[in-house]
Amino acid sequence: GLRRGRYGEFQTFQHYFKQINLSRIVMADMQKKKAQEVILQQFNKLRQEQRMIAQKVSELKVDESEHKLVLDALNEVKDPNRKCYQLVGGVLVERTVQQVKPNLQNNSSKITSLISSLDKNLEVKAKELMDYKEKHGIKVKGEDAPEKDKKDGAAKPASSGVLVN
(Lines give C-alpha, C1' and ligand atoms only; values in the text may rest on other atoms or scores of the structure.)
Protein backbone atom coordinates (compact mmCIF):
# COMPACT_ATOMS: atom_id res chain seq x y z
CA GLY A 1 0.00 0.00 0.00
CA LEU A 2 0.82 3.66 0.10
CA ARG A 3 2.40 5.37 3.02
CA ARG A 4 3.54 8.87 3.64
CA GLY A 5 7.35 9.45 3.52
CA ARG A 6 9.44 11.73 5.70
CA TYR A 7 8.83 14.79 3.59
CA GLY A 8 5.17 14.16 2.87
CA GLU A 9 5.55 12.24 -0.42
CA PHE A 10 3.71 9.03 -0.95
CA GLN A 11 5.82 5.92 -1.41
CA THR A 12 5.19 2.30 -2.25
CA PHE A 13 7.35 -0.71 -1.80
CA GLN A 14 7.88 -0.66 -5.56
CA HIS A 15 9.20 2.89 -5.33
CA TYR A 16 11.58 1.81 -2.57
CA PHE A 17 12.88 -1.14 -4.58
CA LYS A 18 13.33 1.08 -7.64
CA GLN A 19 15.57 3.34 -5.58
CA ILE A 20 17.61 0.34 -4.40
CA ASN A 21 18.00 -0.82 -8.02
CA LEU A 22 19.02 2.70 -9.09
CA SER A 23 21.71 2.79 -6.42
CA ARG A 24 22.99 -0.59 -7.63
CA ILE A 25 23.13 0.75 -11.19
CA VAL A 26 25.01 3.84 -10.00
CA MET A 27 27.47 1.63 -8.11
CA ALA A 28 27.95 -0.56 -11.20
CA ASP A 29 28.61 2.56 -13.31
CA MET A 30 31.18 3.77 -10.79
CA GLN A 31 32.91 0.38 -10.84
CA LYS A 32 32.86 0.41 -14.64
CA LYS A 33 34.45 3.89 -14.70
CA LYS A 34 37.14 2.74 -12.27
CA ALA A 35 37.83 -0.31 -14.44
CA GLN A 36 38.10 1.94 -17.50
CA GLU A 37 40.54 4.18 -15.64
CA VAL A 38 42.68 1.16 -14.77
CA ILE A 39 42.56 -0.02 -18.39
CA LEU A 40 43.55 3.46 -19.57
CA GLN A 41 46.42 3.66 -17.08
CA GLN A 42 47.75 0.27 -18.21
CA PHE A 43 47.41 1.29 -21.87
CA ASN A 44 49.32 4.54 -21.25
CA LYS A 45 51.98 2.60 -19.36
CA LEU A 46 52.42 0.24 -22.34
CA ARG A 47 52.62 3.20 -24.73
CA GLN A 48 55.22 4.90 -22.53
CA GLU A 49 57.32 1.70 -22.42
CA GLN A 50 57.11 1.47 -26.21
CA ARG A 51 58.22 5.10 -26.57
CA MET A 52 61.15 4.56 -24.20
CA ILE A 53 62.35 1.55 -26.18
CA ALA A 54 62.02 3.45 -29.46
CA GLN A 55 63.92 6.41 -28.01
CA LYS A 56 66.73 4.14 -26.81
CA VAL A 57 66.94 2.50 -30.25
CA SER A 58 67.20 5.94 -31.82
CA GLU A 59 70.01 6.98 -29.44
CA LEU A 60 71.90 3.76 -30.10
CA LYS A 61 71.60 4.20 -33.87
CA VAL A 62 73.26 7.61 -33.51
CA ASP A 63 76.05 6.03 -31.45
CA GLU A 64 76.39 3.27 -34.05
CA SER A 65 76.78 5.78 -36.88
CA GLU A 66 79.37 7.76 -34.87
CA HIS A 67 81.36 4.58 -34.26
CA LYS A 68 81.19 3.77 -37.97
CA LEU A 69 82.48 7.23 -38.92
CA VAL A 70 85.41 6.96 -36.53
CA LEU A 71 86.22 3.41 -37.66
CA ASP A 72 86.13 4.51 -41.31
CA ALA A 73 88.54 7.34 -40.49
CA LEU A 74 90.85 4.98 -38.57
CA ASN A 75 90.82 2.46 -41.44
CA GLU A 76 92.32 5.13 -43.72
CA VAL A 77 95.26 5.63 -41.34
CA LYS A 78 98.27 3.64 -42.61
CA ASP A 79 100.46 3.91 -39.47
CA PRO A 80 99.02 1.75 -36.62
CA ASN A 81 101.28 3.56 -34.11
CA ARG A 82 99.89 6.99 -34.96
CA LYS A 83 98.56 8.89 -31.95
CA CYS A 84 94.86 9.33 -31.49
CA TYR A 85 92.73 10.44 -28.61
CA GLN A 86 89.80 8.67 -27.04
CA LEU A 87 87.29 10.11 -24.60
CA VAL A 88 86.96 7.64 -21.72
CA GLY A 89 84.56 8.56 -18.93
CA GLY A 90 84.92 12.28 -19.62
CA VAL A 91 88.73 12.11 -19.75
CA LEU A 92 90.63 12.49 -23.01
CA VAL A 93 93.22 9.69 -23.20
CA GLU A 94 96.13 9.50 -25.66
CA ARG A 95 96.43 6.14 -27.37
CA THR A 96 97.49 4.66 -30.69
CA VAL A 97 95.26 3.66 -33.59
CA GLN A 98 96.30 0.07 -32.93
CA GLN A 99 94.96 0.27 -29.35
CA VAL A 100 91.75 2.14 -30.09
CA LYS A 101 90.55 0.31 -33.19
CA PRO A 102 89.76 -3.09 -31.56
CA ASN A 103 87.83 -1.38 -28.73
CA LEU A 104 85.78 0.62 -31.21
CA GLN A 105 85.04 -2.46 -33.30
CA ASN A 106 83.98 -4.36 -30.17
CA ASN A 107 81.78 -1.50 -28.96
CA SER A 108 80.27 -1.11 -32.41
CA SER A 109 79.33 -4.79 -32.61
CA LYS A 110 77.83 -4.66 -29.10
CA ILE A 111 75.78 -1.61 -30.05
CA THR A 112 74.56 -3.34 -33.22
CA SER A 113 73.49 -6.45 -31.30
CA LEU A 114 71.79 -4.28 -28.65
CA ILE A 115 69.89 -2.41 -31.36
CA SER A 116 68.78 -5.73 -32.83
CA SER A 117 67.62 -6.95 -29.43
CA LEU A 118 65.75 -3.72 -28.69
CA ASP A 119 64.11 -3.83 -32.14
CA LYS A 120 62.74 -7.27 -31.25
CA ASN A 121 61.54 -5.91 -27.88
CA LEU A 122 59.90 -3.02 -29.71
CA GLU A 123 58.03 -5.40 -32.01
CA VAL A 124 56.86 -7.46 -29.02
CA LYS A 125 55.73 -4.31 -27.19
CA ALA A 126 53.89 -3.05 -30.30
CA LYS A 127 52.05 -6.38 -30.60
CA GLU A 128 51.25 -6.34 -26.88
CA LEU A 129 49.88 -2.81 -27.25
CA MET A 130 47.75 -3.72 -30.28
CA ASP A 131 46.38 -6.81 -28.53
CA TYR A 132 45.54 -4.72 -25.46
CA LYS A 133 43.78 -2.12 -27.63
CA GLU A 134 41.72 -4.79 -29.36
CA LYS A 135 40.91 -6.65 -26.15
CA HIS A 136 39.59 -3.53 -24.41
CA GLY A 137 38.16 -1.75 -27.45
CA ILE A 138 40.43 1.26 -27.09
CA LYS A 139 40.19 3.91 -29.80
CA VAL A 140 42.98 6.46 -30.07
CA LYS A 141 41.95 9.87 -31.36
CA GLY A 142 43.39 10.50 -34.83
CA GLU A 143 44.43 6.88 -35.19
CA ASP A 144 42.71 3.77 -36.55
CA ALA A 145 40.46 5.55 -39.05
CA PRO A 146 39.80 2.74 -41.53
CA GLU A 147 39.09 3.94 -45.06
CA LYS A 148 36.36 1.37 -45.70
CA ASP A 149 34.22 2.73 -42.85
CA LYS A 150 34.34 6.17 -44.43
CA LYS A 151 33.38 4.80 -47.84
CA ASP A 152 30.55 2.60 -46.58
CA GLY A 153 28.99 5.40 -44.60
CA ALA A 154 27.42 2.74 -42.39
CA ALA A 155 26.88 3.83 -38.83
CA LYS A 156 28.27 1.32 -36.38
CA PRO A 157 26.77 0.96 -32.94
CA ALA A 158 28.75 2.73 -30.24
CA SER A 159 31.20 0.45 -28.48
CA SER A 160 31.84 0.47 -24.79
CA GLY A 161 35.55 1.05 -25.37
CA VAL A 162 37.79 3.81 -24.11
CA LEU A 163 38.74 6.87 -26.18
CA VAL A 164 42.33 8.05 -25.66
CA ASN A 165 43.73 11.40 -26.72
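From the N terminus on, the elements run β-β-α-β-β-α-β-α-β. The secondary structure comes to 3 helices and 6 strands. Helices (H or I, at least four residues) and strands (E, at least two) are DSSP runs, numbered from the N terminus. The model is predicted: local features need pLDDT of at least 70, side-chain atom pairs count only at pLDDT 80 or more, and totals for chains, interfaces and linings use all residues. Residues are numbered from 1 along each chain as its sequence is written, and side-chain values use heavy atoms, with hydrogens and water left out.

The chain has 165 residues, and 18% of them count as buried. Buried means under 20% relative accessible area, exposed over 50%, and partly exposed in between (1.4 Å probe, protein chains only). The chain exposes about 13,100 Å². Carbon and sulfur atoms supply 55% of that area. Accessible areas come from the Shrake-Rupley method with a 1.4 Å probe; for residues, only the protein chains shown count as cover. Contact means heavy atoms within 4.5 Å. Among contacts between residues at least 6 apart in sequence, 61% join residues at least 24 apart.

The largest nonpolar core holds 7 residues: I39, F43, L46, L129, Y132, I138 and V140. Such a core is a set of buried Ala, Val, Leu, Ile, Met, Phe, Trp, Tyr and Cys residues joined through side-chain atoms within 4.5 Å. The largest share, 3 residues, comes from α1.

Helix α2 has 40 residues. Its first and last C-alpha atoms are 57 Å apart, close to the expected 58 Å. The expected span is 1.5 Å times one less than the number of residues. The buried residues of α2 are V97, V100, L104, S108, I111, I115, L118, K125, L129, Y132 and K133. S108 has a relative accessible area of 14%. Leaving aside neighbours within four places in sequence, S108 is in contact with H67 and L71. G137 follows α2 and has a positive phi, near 65 degrees.

Strands β3 (residues 83–88) and β4 (residues 91–96) pair in the antiparallel sense over 6 bridges. Pairing requires that DSSP finds at least two bridges between two strands. L87 stands opposite L92 in β4. The hairpin of β3 and β4 has 2 residues between the strands. In this hairpin, G89 takes a positive phi near 60 degrees.
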